Amino acid sequence: MNTLPDTGLTTGLANEDELTRRSYYLATTPAMEAFGPLAGSEAVDVCVVGGGLAGLSTAIELRVKGYSVVLLEGQRLGWGASGRNGGQAIVGHSSDDAIIAQFSKEDARRAWDVTVEGMHLMRERIARHNIDCDYIPGWMYLAVNARKAKGLRESFDFTRSTFGFDQWSWIDHADIGQYIASPRFHSGVYDTLSGHLHPLKFTLGLARVARDAGVRIHECSRAISLQRGAAPVVKTDKGEVRCKFVVLAGNCYLGELVPELNSRIMPVGTYVVATNPLDPALAESLIKNRAAVCDNNFVLDYFRVSPDHRVVFGGRVSYSTMTPVNLDASMHERIITVFPQLAGKVRVEYSWGGFVDITMNRAPDFGRLTDNIYYLQGFSGHGLALTGIAGKIAAEAIAGQAERFDLYTRIKHLPFPGGKLLRTPALVAGMLWYRLRDML
Ligand SMILES: Cc1cc2nc3c(=O)[nH]c(=O)nc-3n(C[C@H](O)[C@H](O)[C@H](O)COP(=O)(O)OP(=O)(O)OC[C@H]3O[C@@H](n4cnc5c(N)ncnc54)[C@H](O)[C@@H]3O)c2cc1C
């Protein structure tokens with residue numbers, strides 16, 4: 001059983017401890033050694049801020065290229081979204097539409113191909129480093145009605161013809177029952193490249209890879225100031241890192257360290273529950289191909305069955321950053337809506353959540369603050385696999401091969417309207433509109 005950090009640090013986001021404490025992942029992950037806080041002054045080539053998947057991947061790839069690296073994590077490794085997510089490792093971006101709208105077809109395809117490589121990179125790392133993280137291939141993207149199916153079919157056809165992606169197959173309405181024992185879905189896509197895993201075990205597995213590669217890791221080491229210039233200095237309360245490059249990979253927790261990044265993303269709370277273990281035959285009857293499932297609503301349900309026969313079900317969002325009060329009951333209701341045959345047989349045993357860093361257009365936001373300060377953010381709830389390749393292309397860019405990184409820096413992003421105080425109400429209004437559309 002893993003233990004929670006007692007760092008005495010706050011993130012500025014509501015209920016963060018509560019969101020972590022009741023996690024199924026935390027309860028089922030063997031404890032990892034602690035890495036001591038930064039003390040005194042260290043000099044390296046690169047200082048990575050953030051010990052989630054984006055930071056760890058960047059650090060690993062930089063070590064492969066021969067750079068010396070310090071990684072600073074304000075809490076414990078995997079404490080953020082990387083250790084708490086729905087476990088669905090999916091090709092593509094949160095919104096490929098935003099990328100398609102801004103790019104030529106060729107460049108949109110190049111960005112898509114980066115994500116395909118990201119899926120292979122994730123699988124290769126699991127295999128090469130023997131990371132025990134319950135990886136299961138297969139993912140289904142399902143529509144809840146004929147109208148939603150039409151849009152999904154269009155994006156399926158586009159993805160096959162324009163991106164040349166052939167690992168998606170279409171599931172007709174007449175065949176949907178062969179894939180999932182649920183009356184909720186109309187038709188959809190079956191993706192054999194994407195899949196699902198235990199995200200905390202995966203993140204800590206990558207942390208071991210980083211440690212063994214020689215990354216100098218410090219936990220409970222929140223970066224509190226960043227001095228820019230030819231030789232940046234990152235300071236914590238007890239030490240400092242002098243370096244040539246900085247990579248910021250802090251999700252929505254960087255806060256006032258870099259205010260100009262803060263306004264480009266919005267922290268949105270999202271929640272996951274795990275049920276009691278079901279009778280194995282019943283659990284296996286729910287999703288016939290053992291794939292993870294996601295619907296194509298704007299406020300979506302995403303779920304899968306874990307190897308110990310629990311339904312791991314994600315959904316609901318909170319724009320106020322406060323955890324919904326009736327979370328367990330409402331998630332239970334959603335599970336029964338999808339699988340009515342579980343009524344009376346299923347209860348919520350774990351529930352937890354975290355914050356996703358969404359951008360206005362939900363495309364990822366990668367870039368540079370200055371020539372030598374890089375950032376990776378805006379995964380918009382779709383970062384489990386994308387963070388891995390994002391770290392790789394950031395390391396490539398630092399090493400002088402910036403072509404793929406700069407493809408992403410060309411994506412235009414707008415700050416959230418309304419400034420710090422009004423961006424939440426503005427977002428809520430926008431999201432209510434989309435939620436209304438989900439219901440039609
Ligand atoms: C509940 C939930 C469900 C999700 N489900 C899915 C899913 O099924 N599939 C999917 O693809 N994506 C999903 N996501 C999104 C995905 O988890 C994220 O996109 C991804 O993990 C982001 O990784 P990261 O490394 O950028 O951020 P994080 O994992 O949040 O890591 C950032 C780290 O930086 C540290 N940090 C921040 N500021 C500082 C500082 N100043 N000094 C030192 N350290 C700092 C934080 O403590 C944190 O540990 C989900 C997210 C959540 C919250």
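Trainee: What should I know about the model before we start?

Mentor: It's a predicted model, where local features need pLDDT of at least 70 and side-chain atom pairs count only at pLDDT 80 or more, while totals for chains, interfaces and linings use all residues. Residues are numbered from 1 along each chain as its sequence is written, and side-chain values use heavy atoms, with hydrogens and water left out.

Trainee: OK, how many residues surround the ligand?

Mentor: The count is 40, where a residue is near if one of its heavy atoms lies within 4 Å. The closest are E73, S82, Q88, A223 and N251.

Trainee: Which element gives the most to the shell?

Mentor: Strand 17, with three residues. Helix 3, strand 13 (266-275) and strand 17 (348-358) each supply at least two. Helices (H or I, at least four residues) and strands (E, at least two) are DSSP runs, numbered from the N terminus.

Trainee: And which polar backbone atom is 2.9 Å from a nitrogen of the ligand?

Mentor: One belonging to G86. A polar backbone atom of L384 is 2.9 Å from a ligand oxygen, and a backbone N or O of A54 lies 3.0 Å from an oxygen of the ligand. The protein covers 98% of the 1000 Å² of accessible area that the ligand has on its own, by the Shrake-Rupley method with a 1.4 Å probe.

Trainee: Switching to helix 3: is it mostly covered or uncovered?

Mentor: Mostly covered, with 10 of its 12 residues buried, meaning under 20% relative accessible area (1.4 Å probe, protein chains only). A54 is one of those buried residues. After helix 3 comes G66, which has a positive phi near 95 degrees.

Trainee: How many residues of helix 7 are buried?

Mentor: 11 of its 14, including K201, F202 and V209.

Trainee: What covers them?

Mentor: Helix 3 is part of the cover, and so are helix 2 (24-27), helix 5 (105-128), strand 8 (216-218) and strand 15 (302-305). Helix 7 is followed by G214, with a positive phi near 100 degrees.

How values were computed:
Buried < 20%, exposed > 50% of the residue type's maximum accessible area, 1.4 Å probe, protein only. Polar contact = N/O pair within 3.5 Å; in protein donor to acceptor, adjacent residues only side chain to side chain. Contact = heavy atoms within 4.5 Å.
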